[in-house]
Amino acid sequence: DHLINQIAAGEVVERPANALKEIVENSIDAGATEIDVELSGGGIKLIRVTDNGAGIHADDIALALSRHATSKIASLADLEHVASMGFRGEGLASIASVSRLTLTSRRAGSSHGQRISATDGKLNPGGAAAHPVGTTVEVGELFFNTPARRKFLKSESTEYAHCATMLERLALAHPQIAFSLKRDGKTVFHYPAQSLHQRVAAIIGEDFQTASIEIDSGEGIMRLTGVIAKPTFSKGKSSQQYCFVNRRFVRDKVMLHAVKQAYRDVLHNALTPAFVLFLELPPENVDANVHPTKTEVRFRDSQAVHQLIFHTLNKALAGTRA
Ligand code: ADP
Ligand code: MG
């Protein structure tokens, strides 16, 4: 089982940023309104995530670290429905098999928290522990027991940058949640719960925020919202182009192509400026499970997605020219 977990870990966790994503997504799923992240050594030495979500019942804490234990799928019908969101029940088990993981959690109504740790996939019950309502996950020494995989890690600063990028995407998709990041003990950011506009300004910059247009349009089962730069906004960094599908960051050729085409119609240079777009559609119309660490998706009707984005942006951008 340990070996299976380690193999699964290869699928889920290539680097600290993937572990961070799994852990923070669990915090989001648990209804947290505040998520605090601390990284040391680029996340290789330590990833610590504390949330104020629902917490895990003392009786279930060991289960949370076992493979295919998920509290999020009650039936096979459910599985069909949420599979595209990536609830596979293997995130924590996989991370635990390739690190020293400690999970401390307390449910509302419990008088104290409960702790459990896992080293090299073996569980050590830790017993009662002081903790406010919510959960703390600590992942130490990622890949300490899989040297081959450890060798593929880049420098601490590169791994840190991947973690920070991952967290920024999650923070953009969930502006109603407060997020903070500490790097080697120093605070990098602390975003309070805020509007999308304020979060965009905090992450992409005030200058983008003041030179942007709000998007909100629907077509049948799809809805497109977000903020895009006015054609006059000259910065065109691809690192400031964000597409989300059902609140998950994606890199999608269809979406990107539609955006570029809309800008090309009004701009004469080929640069595509910054944008943040959220596409919402029924989960059965998109397959996001191409690969757990990849950001690709497959749309059932990619032509409809392209048309919605192109027409919405084209109209919004044309309005700025008059
Ligand atoms: P999945 O998220 O696919 O269910 P995970 O291995 O990531 O699988 O987590 C296993 C289970 O542990 C979750 O289904 C959830 O019940 C519990 N869990 C993990 N992290 C948290 C958290 N931060 N708050 C509350 N429950 C959590
Ligand atoms: Mg999970």
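**Figure 1. Gly205 lies in the loop between helices α7 (196-203) and α8 (206-210).** This view, like those that follow, is taken from a predicted model. Gly205 has 14 C-beta neighbours inside 10 Å and therefore counts as partly exposed. A residue would need 20 or more such neighbours to be classed as buried, and 12 or fewer to be classed as exposed. The C-alpha atom of Gly205 is separated by 9.9 Å from that of Gln240, although the two residues are 35 residues apart along the chain.

**Figure 2. Five strands form an open sheet in the order β9-β10-β13-β11-β12.** The pairing in this sheet is mixed. Strands β9 (212-219) and β12 (248-250) stand at the edges; each has a single partner strand, so one side of each is left without a neighbour in the sheet. On average, and with direction ignored, neighbouring strands here are turned by 20° against each other.

**Figure 3. Strands β11 (residues 241-245) and β12 run antiparallel.** The two strands are joined by 3 bridges. Within this pair, Cys243 has Val250 of β12 standing opposite.

**Figure 4. Strand β1 (residues 34-40) is joined to both β7 and β2.** With β7 (residues 178-183), strand β1 runs parallel, and 6 bridges join the two. With β2 (residues 46-51), strand β1 runs antiparallel, through 6 bridges. Which residue of β7 stands opposite Val37? That residue is Leu181, while in β2 the bridge partner of Val37 is Val49. Ile35 has Asp51 as its bridge partner in β2. Strands β1 and β2 form a hairpin with 5 residues between them. In the turn of this hairpin, Gly41 has a positive phi of about 55°.

**Figure 5. Leu20, Ile95 and Leu167 touch the most other members of the largest nonpolar core.** This core comprises 75 residues. Its largest share, 8 residues, comes from helix α6 (residues 156-173). Domain 1 (2-191) and domain 2 (204-319) each supply at least three residues to the core. In soluble globular proteins, nonpolar side chains tend to be buried together.

**Figure 6. Leu20 touches residues that include Val37 and Leu167.** Not counting residues up to four places away in sequence, Leu20 touches Val37, Gly43, Ile47, Cys163, Met166 and Leu167. Of these, Val37 is the residue that stands opposite Leu181 in β7, and Leu167 is, like Leu20, among the core residues that touch the most other members.

**Figure 7. The protein has 10 helices and 15 strands.** This last legend sets the close-up views in context. Buried residues make up 38% of the 322 residues in the protein. Among contacts between residues at least 6 apart in sequence, 69% join residues at least 24 apart.

Technical notes
Residues are numbered from 1 along each chain as its sequence is written. Chains are lettered from A and ligands numbered from 1 in the order in which they are written. This is a predicted model: local features need pLDDT of at least 70, side-chain atom pairs count only at pLDDT 80 or more; totals for chains, interfaces and linings use all residues. A nonpolar core is a set of buried Ala, Val, Leu, Ile, Met, Phe, Trp, Tyr and Cys residues joined through C-beta atoms within 7 Å. Helices (H or I, at least four residues) and strands (E, at least two) are DSSP runs, numbered from the N terminus. Domain bounds come from an automatic or database domain assignment. Two residues are in contact if their C-beta atoms, placed from the backbone, lie within 7 Å. Two strands pair if DSSP finds at least two bridges between them. Axes are lines fitted to C-alpha atoms, for helices over the stretch in contact, and angles run from 0 to 180 degrees between N-to-C directions.
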